[in-house]
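Biologist: I am new to this structure. Please show me how to read it, feature by feature.

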Amino acid sequence: MPTYHYRCRNCQYDFTEQQSFNDDPITVCPRCGEAQVRKIFSAVPIEFKGHGFYRTDSSSHSGSSSK
């Protein structure tokens, strides 16, 4: 199950919650009880593995080089 990061706009409480894709997002803060909770989105790191991701991987090995 994915883990989501939330922050309350009222009390600035940060928390994470494991939820199914089908679950509704949390809107009420568990600390202050206000309906000011918003989901925090952040960039997901990408890691390229394998062949074909570098400039030298796709060049031919015929001895010619392009500059």
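Modeller: We take the sheet, then single residues, then the core and the cysteines. This is a predicted model: local features need pLDDT of at least 70, side-chain atom pairs count only at pLDDT 80 or more, and totals for chains, interfaces and linings use all residues. Residues are numbered from 1 along each chain as its sequence is written, and side-chain values use heavy atoms, with hydrogens and water left out.

Biologist: What is the order of the strands in the sheet?

Modeller: Strands of a sheet pair through backbone hydrogen bonds, either parallel or antiparallel. Strands here are DSSP runs (E, at least two residues), numbered from the N terminus. Two strands pair if DSSP finds at least two bridges between them. In this model, 3 strands form an open sheet in the order β2-β1-β3, and the pairing is antiparallel. β2 (14–18) and β3 (37–40) are the edge strands, each pairing on one side only. From one strand to the next, the twist averages 35°. That angle is taken between N-to-C directions of axes, which are lines fitted to C-alpha atoms, and runs from 0 to 180 degrees.

Biologist: How many bridges join β1 to β3?

Modeller: Strand β1 (residues 3–8) is joined to β3 by 4 bridges. Across this pair, R7 stands opposite R38.

Biologist: Is Q19 buried or exposed?

Modeller: Buried means under 20% relative accessible area, exposed over 50%, and partly exposed in between (1.4 Å probe, protein chains only). Q19 has a relative accessible area of 8%, so Q19 is buried. Q19 sits in the loop between β2 and β3.

Biologist: Which side chain makes a polar contact with that of Q19?

Modeller: A polar contact is a pair of N or O atoms within 3.5 Å; within protein, one must be able to donate a hydrogen and the other to accept it, and residues adjacent in sequence count only if both atoms are side-chain atoms. The side chain of Y6 makes one with Q19, at 2.5 Å. A polar atom of the Q19 side chain also lies 3.2 Å from the backbone oxygen of D24. Contact in general means heavy atoms within 4.5 Å. Beyond four places in sequence, Q19 is in contact with residues including M1, P2 and I26.

Biologist: Now take T16 and N10. Where is each one?

Modeller: T16 belongs to strand β2. T16 counts as exposed because its relative accessibility is 52%. Leaving out residues up to four places away, T16 touches T3, Y4 and H5. N10 is in the loop between β1 and β2. At 46% relative accessibility, N10 is partly exposed. N10 and A35 are 25 residues apart in sequence, yet 8.6 Å apart in space, C-alpha to C-alpha.

Biologist: Which residues make up the largest nonpolar core?

Modeller: A nonpolar core is a set of buried Ala, Val, Leu, Ile, Met, Phe, Trp, Tyr and Cys residues joined through side-chain atoms within 4.5 Å. The largest one has 6 residues: Y4, Y6, C8, F15, C29 and V37. β1 gives the largest share of this core, 3 residues.
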